[in-house]
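Here are my notes on the model, as numbered points. Please read them with the structure open.

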Amino acid sequence: MSEGDDLWPLVWGFLGISLLSVGGGVAALPEMHRLMVETHGWMDDLAFSKRYALAQAAPGPNVMVVGLFGWHVAGITGMFAAMLAMCGPTSILAYAFCRLRGRLGGAFGMRVFERGMVPIAVGLIAASGLLLAQGAAWGTGGAPLAIAISIGSTLFVWRSRRSPLWVLGVGAVLGAVFLR
């Protein structure tokens, strides 16, 4: 199959995902995994986790991972097509919602809607973390260590006032030492 054959499934997949990305691009990561790994087999769990890690290491928004996925599937055309498919619809919806919110202000229905979206976003982001931990753990054979690192990282970020960069540094050292 050529890159051109994969371009339209990539675009349609990310168009659909863009409409589910409540909580940002990270919240849609499980659905991206389903598209990239399970549905089309464009990459395996470990490749998925590595591209996500690379996107996180680069400065900029979390959604940059979509460009890496698109590049993997269909080269530079795939990168631009995937980013446009992922960011285009949500940008239009965000603009429309911002205008609506400005008109409705502090209306009761708007407050209820905003409060109701918080647990949905938290759940989607938690699912993303679990998915990434699984991909990293089973891809390298270090499931117990990856689970321990994930739980420790979560507790550290949640309970500590220290920079999350400490988590990245300790995780990198532990991974380099124990997951060779």
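1. Leu-20 is in contact with Glu-31 and Leu-124, leaving aside its neighbours within four places in sequence; contact means heavy atoms within 4.5 Å. The place of Leu-20 is the loop between α1 and α2. Helices here are DSSP runs (H or I, at least four residues), strands are runs of E (at least two), and both are numbered from the N terminus. Leu-20 counts as partly exposed because its relative accessibility is 48%. The cut-offs are under 20% relative accessible area for buried, over 50% for exposed, and partly exposed in between, with a 1.4 Å probe and protein chains only. Along the chain, Leu-20 and Thr-90 are 70 residues apart, yet their C-alpha atoms are separated by 9.1 Å.

2. A word on the basis. This is a predicted model: local features need pLDDT of at least 70, side-chain atom pairs count only at pLDDT 80 or more, and totals for chains, interfaces and linings use all residues. Residues are numbered from 1 along each chain as its sequence is written, and side-chain values use heavy atoms, with hydrogens and water left out.

3. Ala-28 is also found in the loop between α1 and α2. Is Ala-28 buried or exposed? Ala-28 counts as buried, because its relative accessibility is 3%. Not counting residues up to four places away in sequence, Ala-28 touches Ile-17, Ser-21 and Met-86. Take Ile-17: Ala-28 is 11 residues from it in sequence and 6.6 Å from it in space, C-alpha to C-alpha.

4. Now the overall fold. The protein chain has 7 helices and 0 strands. From the N terminus on, its elements run α-α-α-α-α-α-α. Of its 180 residues, 30% count as buried. Take the contacts between residues at least 6 apart in sequence: 56% of them join residues at least 24 apart.

5. Next, the core. The largest nonpolar core has 30 residues. Such a core is a set of buried Ala, Val, Leu, Ile, Met, Phe, Trp, Tyr and Cys residues joined through side-chain atoms within 4.5 Å. Phe-14, Met-32, Met-36 and Phe-48 have the most contacts inside this core. The elements giving two or more residues to it are α1 (3–18), α2 (29–39), α3, α4 and α5 (108–140). α4 gives the most, with 9 residues.

6. Which residues does Phe-14 contact, leaving aside its neighbours within four places in sequence? They are Met-32, Leu-35, Met-36, Val-66, Phe-69, Ala-82, Ala-85 and Met-86.

7. Helix packing comes next. Two packed helices are described by the angle between their axes and the distance between the axes. Axes are lines fitted to C-alpha atoms, for helices over the stretch in contact, and angles run from 0 to 180 degrees between N-to-C directions.

8. Helix α3 (residues 45–57) and helix α4 (residues 64–104) pack at about 135°, with their axes 8 Å apart. That angle makes α3 oblique to α4. Angles under 35 degrees count as roughly parallel, over 145 as roughly antiparallel, 65 to 115 as roughly perpendicular, and the rest as oblique. Phe-48, Arg-51, Tyr-52, Leu-54 and Ala-55 in α3 meet Met-64, Val-65, Leu-68, Phe-69 and His-72 in α4. By class, this contact has 8 nonpolar, 1 polar and 1 charged residues. Ala, Val, Leu, Ile, Met, Phe, Trp, Tyr, Cys and Pro count as nonpolar, Asp, Glu, Lys and Arg as charged, and the others, Gly among them, as polar.

9. α2 and α4 pack at an angle of about 140°, with their axes 14 Å apart. That makes α2 oblique to α4. Leu-29, Met-32 and Met-36 in α2 meet Val-65, Val-66, Phe-69, Val-73 and Met-86 in α4. The contact of α2 with α4 has 8 nonpolar, no polar and no charged residues.

10. The axes of α2 and α3 come within 10 Å and cross at roughly 135°. α2 and α3 are therefore oblique to each other. On the α2 side, Leu-29, Met-32, His-33, Met-36 and Val-37 meet Asp-45, Phe-48 and Tyr-52 in α3. By class, the contact of α2 with α3 has 6 nonpolar, 1 polar and 1 charged residues.
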